[in-house]
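Colleague: I'm new to this one. Walk me through it, please.

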Amino acid sequence: MKTLLCRSIVTPSKLIGATLMTATISMPAMATDTDLNALVEAAQKEGAVYSVGMPDSWANWKDTWADLKENYGLKHQDTDMSSAQEIAKFEAEKRNATADIGDVGFAFARVAVKKDVTQAYKPSTWDDIPEWAKDKDGHWALAYTGTIAFISNNNLVKNAPKSWSDILEGDYKVTVGDVGVAAQANNAVLAAAFANGGDETNLKPAIKYFAELAKQGRLSYTDPNMANLEKGEVEVAIMWDFNALNYRDKIDRERFSVNIPQDGSVISGYTTIINKYAKNPNAAKLAREYIFSDQGQINLAEGYARPIRTNVTLPQSVQDKLIANEEYGNVHPVSDFSAWEKSARRLPRQWQESVLIHQQ
């Protein structure tokens with residue numbers, strides 16, 4: 001299940017240049033207005049798009065579904081589930097598909113392609129998507145990102161940390177969540193590794209870092225959820241920026257500071273996958289086209305999900321919800337997923353033996 005508290009049009013004439021690869025329409029590599037109109041017409045004939053893992057409350061998907069209904073008449077229904085469940089559903093149902101499109105975590109994108117349950121579609125804004133964030137054949141592309149950040153209670157912490165070194169020099173307690181179990185907590189460890197000379201293959205610098213915090217008696221195991229933040233039981237927490245920003249605004253914008261660690265962090269995200277066996281493939285492809293349009297990206301930003309396209313001008317009210325672009329200058333995507341998977345499997349034991357052993 002997607003558990004982020006807030007998980008989010010172009011008219012046909014603005015969709016010029018779409019790469020159309022539909023099952024029912026044969027198109028050249030770069031489409032024309034006419035081709036796009038054909039996709040819209042085919043999608044409207046299908047009349048609906050069925051998604052998984054894209055509920056209204058996650059990343060403000062509700063606005064995108066509302067736009068697709070208003071502009072193209074597409075009905076929509078979602079069934080919320082985890083990334084692994086989405087891929088398993090596509091694989092199990094095959095030609096009896098009940099879902100057309102899903103939204104999965106970055107690490108699951110390659111899994112879906114390997115299992116041969118996806119079909120390709122490159123939206124017209126394809127060139128605006130960074131190379132690291134998309135599949136060369138168009139099977140997946142991150143629509144929005146998450147970066148490990150710090151959220152600090154300004155009533156309890158005098159100087160909100162802006163780097164991992166700031167934290168080490170502080171006198172407050174830091175919660176990182178359930179390392180070895182929660183993806184957010186595991187990525188917090190990876191972010192610390194990047195900042196201290198490590199990477200996906202080598203988490204030792206991060207283990208050493210957190211062991212030092214434990215020796216100082218400054219590691220907290222309070223769950224960094226909104227209720228605990230609101231009650232003042234968390235001084236500093238390490239979490240995805242979209243979660244931290246959402247919590248901040250829901251509790252008290254003035255009470256909390258959210259910063260990206262300037263000495264290094266990890267950036268990840270979520271990608272749509274279109275079911276190879278979709279009953280409404282054109283509607284699914286039109287949905288992806290819209291998600292990567294200017295308005296589609298703005299919709300996501302309204303839900304605190306940072307758009308992958310950096311050339312979209314966000315309304316000031318939306319930009320004010322997010323962290324300034326300049327803070328993201330030293331963030332690193334996972335480049336070796338196989339190595340990260342192996343490191344993550346070893347992490348629970350390393351954490352127990354090298355960090356928790358020092359807990360005071």
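Colleague: Let's start with D199. Where is D199 found?
Modeller: D199 is in the loop between α6 and α7 (204–215). Helices (H or I, at least four residues) and strands (E, at least two) are DSSP runs, numbered from the N terminus. Keep in mind that this is a predicted model, where local features need pLDDT of at least 70, side-chain atom pairs count only at pLDDT 80 or more, and totals for chains, interfaces and linings use all residues. Residues are numbered from 1 along each chain as its sequence is written, and side-chain values use heavy atoms, with hydrogens and water left out.

Colleague: Which residues does D199 touch?
Modeller: L190, A193 and F194, leaving out residues up to four places away in sequence. Contact means heavy atoms within 4.5 Å.

Colleague: And how many Å separate the C-alpha atoms of D199 and N311?
Modeller: 29 Å. Along the chain, D199 and N311 are 112 residues apart.

Colleague: Back to α6. At what angle do α6 and α13 pack?
Modeller: About 100°, and the axes of α6 and helix α13 (residues 337–354) are 11 Å apart. Axes are lines fitted to C-alpha atoms, for helices over the stretch in contact, and angles run from 0 to 180 degrees between N-to-C directions. α6 and α13 are therefore roughly perpendicular to each other. The cut-offs: under 35 degrees is roughly parallel, over 145 roughly antiparallel, 65 to 115 roughly perpendicular, and the rest oblique.

Colleague: Which residues meet there, in α6 and α13?
Modeller: From α6, N186, N187, V189 and L190. From α13, W340, L347 and W351. By class, this contact of α6 with α13 has five nonpolar, two polar and no charged residues. Ala, Val, Leu, Ile, Met, Phe, Trp, Tyr, Cys and Pro count as nonpolar, Asp, Glu, Lys and Arg as charged, and the others, Gly among them, as polar.

Colleague: Now the core. How many residues has the largest nonpolar core?
Modeller: It has 107 residues. Helix α6 (residues 183–195) gives the most to this core, with nine residues. A nonpolar core is a set of buried Ala, Val, Leu, Ile, Met, Phe, Trp, Tyr and Cys residues joined through side-chain atoms within 4.5 Å.

Colleague: Which residues have the most contacts inside the core?
Modeller: W61, Y144, I151, W164, F210, I238 and W351. Take F210. F210 touches W164, V176, A188, V189, A192, L219, I238, W351 and V355, again not counting residues up to four places away in sequence.

Colleague: What about α10: how many of its residues are buried?
Modeller: Helix α10 (residues 281–291) has 11 of its 11 residues buried. Among them are K285, R288 and E289.

Colleague: How do α2 and α10 cross?
Modeller: At roughly 120°, with the axes of helix α2 (residues 61–72) and α10 coming within 11 Å. That makes α2 oblique to α10. W61, T64, W65, D67, L68 and Y72 of α2 meet L286, A287, Y290 and I291 of α10. By class, that contact has eight nonpolar, one polar and one charged residues.

Colleague: And α3 with α4?
Modeller: Helix α3 (residues 83–93) and helix α4 (residues 106–114) pack at about 15°, with axes 10 Å apart. The two, α3 and α4, are therefore roughly parallel to each other. S83, A84 and I87 in α3 meet F108, V111 and A112 in α4. Five of the residues in this contact are nonpolar, one is polar and none is charged.

Colleague: Why remark on that?
Modeller: Most residues other than glycine have a negative phi.

Colleague: Last one. How far apart in space are A120 and H139?
Modeller: 4.1 Å, C-alpha to C-alpha, while 19 residues apart in sequence. A120 is in the loop between β4 and β5 (142–153). A120 is buried, with a relative accessible area of 13%.

Terms used. Buried < 20%, exposed > 50% of the residue type's maximum accessible area, 1.4 Å probe, protein only.
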